[in-house]
Amino acid sequence: MSAVPAPQFVSRGQQHDAVRLGMWVFLGTELLLFAPLVAGWAFGRWAMAEAFGIGSRHTDLVLGTVNTAMLLTSSLCMALAVEHRRAGGIAASGRMLIATALLGIAFLAIKSWEWRHDWNEGWFPGHGFAFHEAPQHLRGGVEYFFICYFAGTGLHAIHLLIGLALVLGARWRRQHAASVPIWRLECVGLYWHFIDVIWIFLFPALYLVERGG
Amino acid sequence: MTRLALVHAALLALLAGTVALSSLPLGLISAVGSFVIAAIKAALVMWFFMELRRGRALNRLVLAVAVLTLGLLLLAGSDYLTRAWTAAGWESPATADRPTS
């Protein structure tokens, strides 16, 4: 934001508030984008509980936990990037953005590794779906679980890719412009944290269902 | 910045807690507990990392409305639970995993 507010605002402070509010409204609509997935998952969890337990026990808990920890840490780096930027530490802020992006890339790398494994096992829903560990009458439910699994993690990964582009964009601009406006960095941060929040709920929904049997 | 680091430590502790809880054969407690912990983690992220704690109340209101709307949509989805199942054309009745109740 330049020193002079846009013509429709009284002050820069008011403009800054409007930017934040707009971002929160956008994230609210993003949450509703995930709503059909939540509803679909909840229905399956209720109506096909046994099959969902079997499907969930075949996800990789170790990789899922490591990925969750990395995403939580990336959120810390993002929050620190905004804090450093406010305190005037442009270089430190840039380093934190790089750390955020690297953790995001590592998350996607591990997730891709997992997907490859799931795919090779034949767990991708559709014509070639194969799941011999479950009794015949439960296979439909397990396939439904994997629809939720691939749709949920896939939609999340698309958001993460967009987030990565935004974070790297903010870092890249720093070298070319004098500085990124703080409100833009805040919005990038809000989006990144939103991706983190979505994963926080995907993790128990897909990895932790009836682990203890 | 110390505050942010503390929040991060709490998030990782909650993650360890939820993984440990899920490995115990507690049935419903484990199922509900993992989402209670997820809600606490999400609240920490939003309150501290997303700065709801010092922003305008209007931002918190937007979040509340979004969550409420999500809840209403899920209520509408409960319609499915009150109906008998009919196998779709592509699934044989034997493979459909029906609700036991």
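Select helix α2 of chain B and colour its buried residues: Ser30(B), Gly33(B), Ser34(B), Ile37(B), Ala38(B), Lys41(B), Ala42(B), Leu44(B), Val45(B), Met46(B), Phe48(B) and Phe49(B). The model on screen is a predicted one. An α-helix has 3.6 residues a turn, so residues three or four places apart point the same way. Keep that in mind when looking down the helix axis.

Now show what lies over these residues. The cover includes α4 (61–86) and α7 of chain A, together with α1 (2–22) and α3 of chain B. For the length of α2(B), pick its first and last C-alpha atoms: the helix has 22 residues and reaches 31 Å between those two atoms, close to the 32 Å expected at 1.5 Å a residue.

Step off the end of the helix to Glu51(B), which sits in the loop between α2 (28–49) and α3 of chain B. With a relative accessibility of 16%, Glu51(B) counts as buried.

**Chain B as a whole**

Chain B has three helices and zero strands, and its elements run α-α-α from the N terminus on. It has 101 residues, of which 32% count as buried. Take the contacts in chain B with a separation of 6 or more: 41% of them come from residues 24 or more positions apart.

**Chain A as a whole**

Switch to chain A. Here there are seven helices and zero strands, in the pattern α-α-α-α-α-α-α along the sequence. The C-alpha trace spans about 65 × 30 × 30 Å along its principal axes. Of the 213 residues in chain A, 52% are buried. Among contacts between residues at least 6 apart in sequence, 78% join residues at least 24 apart.

**α7(A)**

Select residues 182–207 of chain A, which form helix α7. The helix has 26 residues and reaches 37 Å from its first C-alpha to its last, close to the 38 Å expected at 1.5 Å a residue. How many of the 26 residues of α7(A) are buried? The count is 22, so the helix is largely enclosed by the rest of the structure.

**Ser93(A)**

Next, select Ser93(A), in helix α5 (residues 90–121) of chain A. Its relative accessible area is 3%, which makes Ser93(A) buried. Leaving aside neighbours within four places in sequence, Ser93(A) is in contact with Ala81(A), His84(A), Arg85(A) and Leu185(A).

**α1(A) against α3(B)**

Two packed helices are described by the angle between their axes and the distance between the axes. Display helix α1 (residues 12–33) of chain A with helix α3 (residues 57–77) of chain B: the angle is about 10° and the axes are 9 Å apart. The angle is under 35 degrees, which makes α1(A) roughly parallel to α3(B). Their crossing is right-handed.

Show side chains on both helices. On the chain A side the contact uses Arg20(A), Leu21(A), Trp24(A), Val25(A), Gly28(A), Leu31(A) and Leu32(A). Facing them in α3(B) are Leu58(B), Asn59(B), Val62(B), Leu63(B), Ala66(B), Val67(B), Thr69(B), Leu70(B) and Leu73(B). The residues of this contact divide into twelve nonpolar, three polar and one charged.

Centre on Arg20(A), which lies in α1 of chain A. Is Arg20(A) buried or partly exposed? With a relative accessible area of 22%, Arg20(A) is partly exposed. Not counting residues up to four places away in sequence, Arg20(A) touches Glu186(A) and Asn59(B).

**α2(A) against α3(B)**

Keep α3(B) and bring in helix α2 (residues 35–47) of chain A. The axes of α2(A) and α3(B) come within 10 Å and cross at roughly 45°. That makes α2(A) oblique to α3(B), and the crossing is right-handed. Ala35(A), Val38(A) and Ala39(A) meet Leu70(B), Leu73(B) and Leu74(B).

Definitions and conventions
Residues numbered from 1 in each chain as written. Chains lettered and ligands numbered in written order. Predicted model: local features only at pLDDT ≥ 70, side-chain atom pairs only at ≥ 80, totals over all residues. Heavy atoms only, no water. Axes fitted to C-alpha atoms, helices over the stretch in contact; angles between N-to-C directions. Helix = DSSP H or I, 4+ residues; strand = E, 2+ residues; numbered from the N terminus. Parallel < 35°, antiparallel > 145°, perpendicular 65-115°, else oblique. Left-handed = near helix turned anticlockwise from the far one by under 90°. Contact = heavy atoms within 4.5 Å. Nonpolar A, V, L, I, M, F, W, Y, C, P; charged D, E, K, R; others polar. Expected span 1.5 Å × (residues − 1). Buried < 20%, exposed > 50% of the residue type's maximum accessible area, 1.4 Å probe, protein only.
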